[in-house]
Amino acid sequence: QGAGNDFVVIDATQQPLALTPEHFRRLGDRRFGVGADQILVVEKSATPGVDFRYRIFNGGSGEEVEQCGNGARCFVRYVHDKQLTHERSVRVETMATLLELRLQDDGRVTVDMNTPVFEHARIPFDPAGLTPREEGGFQLWPLSLGDGDEVEVAVVSMGNPHAVRRVNDVRHAPVEIEGPQIQGLERFPRQVNVGFMEVVSRSHIRLRVYERGAGETLACGTGACAAVVAGIRLGWLDSRVDVDAPGGRLTIEWAGGDAHVLMTGPAETVFEGEMEL
């Protein structure tokens with residue numbers, strides 16, 4: 001688990017993995033399976049200079065998704081503890097990008113999350129007919145929800161799509177109501193992860209995230225990155241920000257422009273076992 005975001009990790013480096021979405025849903029089920037936000041699969045990479053292939057499956061839906069930052073930290077902890085590598089730094093490929101993962105001396109893991117994506121077609125996000133409000137040189141997009149309310153979100157991808165909404169008090173934010181409403185809008189063809197961000201100071205935010213295929217989780221690494229990137233672009237935050245999620249603290253750094261986003265946080269093994277599918 002990493003900051004309360006929990007994962008089942010499977011070693012598929014020795015033989016191909018032949019699991020169906022139903023298998024992944026069963027593994028992710030907290031009553032009839034193991035229980036996990038996502039199932040992570042370790043595979044060999046055929047790409048020169050890349051150590052592993054990193055695949056992510058949602059524990060709720062069983063579908064494969066592009067990216068998971070907290071999972072990346074747990075991934076490097078797993079391959080190091082299982083002696084699949086002796087390197088403190090590894091490169092892995094996901095469905096969406098290449099990541100560099102570094103195990104720190106204090107046990108925390110730093111993940112180079114690559115550059116954020118703002119192009120609407122690549123997120124993907126359809127802004128047709130909307131007029132954004134400019135703030136700090138970035139856009140806040142007005143979205144109409146099913147109950148007639150309108151909310152403003154910043155839109156960014158960290159290898160997966162995120163909509164970030166600023167709230168005054170994240171503890172009382174309507175995550176379970178607005179999360180699925182925003183997530184299901186047709187403007188997001190692949191759905192979207194929805195972040196609710198409270199700005200405490202220029203170097204500190206509180207965050208809750210409603211994730212695709214999982215609902216609200218205790219932490220979301222890409223969601224933390226997306227929230228900080230959006231906050232920096234909007235002029236609300238500095239380049240290094242502590243993000244307090246319900247499951248723990250992550251530290252996000254971004255110098256802006258084409259700089260890579262760095263995420264540092266905990267990752268630890270909870271238990272190991274076998275399960276017949």
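Modeller: A cavity is a set of grid points where a 1.4 Å probe fits but cannot get out, and a lining residue has an atom within 4 Å of such a point. Keep in mind that this model is predicted.

Biologist: How many cavities of 30 Å³ or more does a search of the whole structure find?

Modeller: Two. Take the second largest cavity: its space is about 40 Å³. Leu207, Arg208, Val209, Thr217, Leu218, Ala219, Cys220, Ala245 and Pro246 line this cavity.

Biologist: Which element gives the largest share of that lining?

Modeller: Strand 13, residues 204-211, with three residues. By class, the lining of the second largest cavity has seven nonpolar, one polar and one charged residues.

Biologist: And what is the volume of the largest cavity?

Modeller: About 80 Å³. Its lining divides into four nonpolar, six polar and two charged residues. Glu211 and Arg212 are among the lining residues, and so are Asn58, Asn160 and Asn193.

Biologist: Now the open spaces. How is a pocket told from a cavity?

Modeller: A pocket is an open set of points, whereas from a cavity the probe cannot get out. Here the largest pocket has a volume of about 780 Å³. It is lined by 26 residues, and Phe7, Val8, Val9, Phe271 and Glu272 are the closest to its centre. Strand 1 (7-11) and helix 2 (69-81) are the elements that give two or more residues to this lining.

Biologist: What classes make up the lining of the largest pocket?

Modeller: There are 15 nonpolar, four polar and seven charged residues. The second largest pocket has a volume of about 220 Å³. Of its 15 lining residues, Ala96, Val117, Arg122, Ser157 and Gly159 lie nearest the centre. Its lining has six nonpolar, six polar and three charged residues.

Biologist: Next, strand pairing. In which sense do strand 12 and strand 13 pair?

Modeller: Antiparallel, over seven bridges. The two strands form a hairpin with two residues between them. Glutamate 198 stands opposite arginine 206 in strand 13.

Biologist: How do strand 11 and strand 12 run?

Modeller: Parallel, joined by five bridges.

Biologist: How many residues of strand 12 are buried?

Modeller: Seven of its nine, so the strand is mostly covered; buried here means under 20% relative accessible area. As a general idea, side chains in a regular strand alternate between the two faces of the sheet.

Biologist: Let me try a single residue. Why does alanine 154 count as buried?

Modeller: Because its relative accessibility is 1%, and the cut-off for buried is under 20%. Alanine 154 sits in strand 10, residues 150-157.

Biologist: What does alanine 154 touch, leaving out residues up to four places away in sequence?

Modeller: Its contacts include Phe138, Gln139 and Leu140. His162, Ala163 and Val164 are also among them, as are Ala230 and Leu234.

Biologist: Where does alanine 154 stand relative to leucine 207?

Modeller: Their C-alpha atoms are separated by 14 Å, and the two residues are 53 residues apart along the chain.

How values were computed: Residues are numbered from 1 along each chain as its sequence is written. This is a predicted model: local features need pLDDT of at least 70, side-chain atom pairs count only at pLDDT 80 or more; totals for chains, interfaces and linings use all residues. Side-chain values use heavy atoms; hydrogens and water are left out. On a 1 Å grid over the protein atoms alone, a cavity is a set of points where a 1.4 Å probe fits but cannot get out, and a pocket is an open set with protein on both sides within 12 Å along at least five of seven lines; lining residues have an atom within 4 Å of a point. Grid points are joined across faces, edges and corners, and a volume is the space filled by probe spheres set on the points. Ala, Val, Leu, Ile, Met, Phe, Trp, Tyr, Cys and Pro count as nonpolar, Asp, Glu, Lys and Arg as charged, and the others, Gly among them, as polar. Helices (H or I, at least four residues) and strands (E, at least two) are DSSP runs, numbered from the N terminus. Buried means under 20% relative accessible area, exposed over 50%, partly exposed in between (1.4 Å probe, protein chains only). Contact means heavy atoms within 4.5 Å. Two strands pair if DSSP finds at least two bridges between them.
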